[in-house]
Amino acid sequence: MPEIPAVFEMLIISEKLNLFLRCIVVGTFILLSAAFFLVCTQKKMKKSGYIRFLYVFMLLSSAGAGILFLMGMVVFFLPDHMFLNRWTFWLAGWKVASGNMNFPFVYLSGMIWIAGIVWYFSEYRKRRKVLKTLYLLNRPVSDEQVRNCFFHAAEKAGIRKIPLLFTNEAVGMPFIKGIINPVVIIPAGLTSYRQLTLTFAHELAHWKRRDLIFRCFQRCVLTVYWFLPVRSLWRESFVELQETLCDIDVCRSYGNHFSAEMYYVTILSMLQQKAESAGKYEKTGEPGQSVTGLLEHAGQLERRVGNMVGYRSGSRRKGLAAALIAAGSILFLVNVFAGIYWPDILSGQSRETRHIVLDVETEELRFDAGSGQYEAGYGRQDSVNMTENNDLKTGEKELKWEQKTVYHLAPGETIGSENFRGKKGETLILMTLASEGGYEIRLTSGTIPVFASVMDETECLNLKLQNRDYRLQIRNPGDHDIKIELYCAK
């Protein structure tokens, strides 16, 4: 692999960071669009019974943002030689190659994002430390009646790996924690058979549905996109949907024994007991991987009751209409922003930088004796007609290496380099931005032309060299002056 020239090192690092931040920006747009959709539709969708649809929609939106973040990470840690061999594509042309890039903005944005991630991880570690102190008060449940009720609920739910069961005097509501080693923790003094049955059914429903994993995944995505103003809304909506879906599953499983009304009355009585006992846990803040009771509050319970009513008797047509209206609004806004920030999305495609990678060892130029022209043999049917003089002619403009240079070529004028020695594995990199196309580029080795072509306005060439002498020439064969901004390195 050729050694990366020093002039490209900062460009490569900056471009990696730039591509990574672009992935984050696109992920941010996905989450903001999804949040806008939720704000506009979730009320009617819940009343219409589309609880599972909203839940899957939030999961897929988070998955899309998470995948973009992973793509950005992969790009950032790609080997440098991938950016060297295709750098003219990745760095998008001569402007970046010449250093005309807002490096401070890119680096500053990256540092701010990293600082936010570090801050959120430090807050998470503090919460985990508090929770570990709380879990020291866990005690195995010794009451045989409570244990039998728990195992019966696990058997009814069809769970093979039964979580451990503990009681804790410091908690006011039951919850389940732990993705690998699940543990159900209930408050001390919970002995009512009805409360125990519904509590165990609800917590085990969370475990069966893998809600712990999805909750952790959502937390990771929101940590990556910590700067979003809709984080709290997104998190609360996701928790509410998970709780509602568990309520639906429990009521379906125990419909012959407990009605939905009795189910919520039981939860409300437990909330009242929690308020009366003034549990100590409120001082610890949000739990790390707990799924239920610690986040319960009366407002969420009220919404869950409304969600259950909508699920059982809601009008599906109204929810579908709301979803279509919101989706149309999002598409309209996307078109508006695309028109403002990307007005030439269609017409500008033809002006993109063309990227050519060639191994000049394998190239051949066919000489037509009748016309005195060379024709490139690598697939382009452009033809060039240039002199075979390989010495720097008098009046020929000197090509400057590793710096952007502006040349004004009159008809027939040529830019030429001195003879230079190539090494096998090295890459000759050439970027041009011209006022018009039709100028000719030729790379010769002694008297042998190894590359010749008529170029467009904007070109990027990567020519792999061999162990031989070379000379590069750029000529204006037309009838008009041409302004060329040129960057060349080897």
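Predicted model: local features only at pLDDT ≥ 70, side-chain atom pairs only at ≥ 80, totals over all residues.
**Cores.** I started with the largest nonpolar core, which has 66 residues. Leu 165, Ile 186, Phe 200, Tyr 225 and Trp 234 touch the most other members. I then looked up where the core residues come from: helix H1 (residues 6-47) gives the largest share, 9 residues.

**Trp 234.** I listed the contacts of Trp 234, leaving aside neighbours within four places in sequence. Among them are Leu 31, Ala 34, Ala 35 and Leu 38. Met 58, Ser 61, Ser 62, Gln 218 and Leu 222 are also in contact with Trp 234.

**Glu 240.** I placed Glu 240 in helix H10 (residues 231-253). Is Glu 240 buried or exposed? Glu 240 counts as buried because its relative accessible area is 4%, and the cut-off is under 20%. Beyond four places in sequence, Glu 240 is in contact with Lys 46, Gln 300, Arg 303, Arg 304 and Asn 307.

**Arg 471.** I found Arg 471 in strand S17 (residues 469-475). Arg 471 is buried, at 1% relative accessible area. Which side chain does Arg 471 join through a polar contact of 2.4 Å? The partner is Glu 396.

**Strand S10.** I checked both faces of S10 (residues 405-409). Thr 405, Tyr 407 and Leu 409 make up the covered face. Val 406 and His 408 are on the uncovered one. S10 pairs with strand S18 (residues 482-489) in the antiparallel sense, over 5 bridges. Opposite Tyr 407 I noted Ile 484 in S18.

Note on methods
Residues numbered from 1 in each chain as written. Heavy atoms only, no water. Buried < 20%, exposed > 50% of the residue type's maximum accessible area, 1.4 Å probe, protein only. Helix = DSSP H or I, 4+ residues; strand = E, 2+ residues; numbered from the N terminus. Pairing = 2+ DSSP bridges. Contact = heavy atoms within 4.5 Å. Polar contact = N/O pair within 3.5 Å; in protein donor to acceptor, adjacent residues only side chain to side chain. Core = buried A, V, L, I, M, F, W, Y, C linked by side-chain atoms within 4.5 Å.
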